[in-house]
Amino acid sequence: MPRVSIQEASRILNVSQDVIRKDVRDGKLQATREGGPTGNRWMVDIPDNVEEYTDDFKEGIHEMARSLTPWWYDNPRKEGVVHYLESLGIEEVEPFFLCGAKGEDIWPATGHESWQRCPECVLEVHDQGMPMETRE
């Protein structure tokens, strides 16, 4: 089990540094205080199975996104193509779409037409065998 800084644990586990600190306080993650050239700092033990590590807040956001629709606009005007949401960011809503595009926020594309879908996202959905339908 590797031992890393809080910042590195945040990156590896894909959660905010605040969540890492909270999980250490709550005993969900183990950490020790170690000396270094710049003083003492907390070092976090990374779980052996990173894929099984969950954060309640992040999981709640992802579940909400999945329950609404996988298709989202990347602008508040709800114009242009709609993208398939792959994941949301760590600290705040920062969408990553299947086509590789990133956005600053998301707006649901419920009721959109299939011709409005990003062609690259559609190809990825088919290649990965993901559900194409909306869940409105």
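Trp71 is buried, and Tyr84 is buried too. Buried means under 20% relative accessible area, with a 1.4 Å probe and protein chains only. This is a predicted model, where local features need pLDDT of at least 70 and side-chain atom pairs count only at pLDDT 80 or more. Residues are numbered from 1 along each chain, and side-chain values use heavy atoms.

**Exercise 1.** Classify the ring pair of Trp71 and Tyr84.

*Solution.* 
- Step 1: Take the rule. Rings of Phe, Tyr and Trp (its six-membered ring) pair if their centres lie within 6.5 Å; planes under 30 degrees apart are stacked, over 60 edge-to-face, the rest tilted.
- Step 2: Count. The rule gives one aromatic pair.
- Step 3: Apply it. The centres are 5.1 Å apart and the planes stand at 90 degrees, so the pair is edge-to-face.
- Step 4: Trp71 is in strand S4 (residues 71-73) and Tyr84 in strand S5 (residues 83-87), so the pair ties together parts 13 residues apart in sequence. Strands are DSSP runs (E, at least two residues), numbered from the N terminus.

**Exercise 2.** Find the strand partners of S5.

*Solution.* 
- Step 1: Strands pair if DSSP finds at least two bridges between them.
- Step 2: S4 and S5 run antiparallel, joined by two bridges. Here Trp72 has His83 as its bridge partner.
- Step 3: S5 also pairs with strand S6 (residues 96-97), antiparallel, over two bridges. Ser87 has Phe96 as its bridge partner.

**Exercise 3.** List contacts of Val125, leaving aside neighbours within four places in sequence.

*Solution.* 
- Step 1: Contact means heavy atoms within 4.5 Å.
- Step 2: The partners are Trp71, Tyr84, Leu98, Met130, Pro131 and Met132.

Methods. Helix = DSSP H or I, 4+ residues; strand = E, 2+ residues; numbered from the N terminus. Buried < 20%, exposed > 50% of the residue type's maximum accessible area, 1.4 Å probe, protein only.
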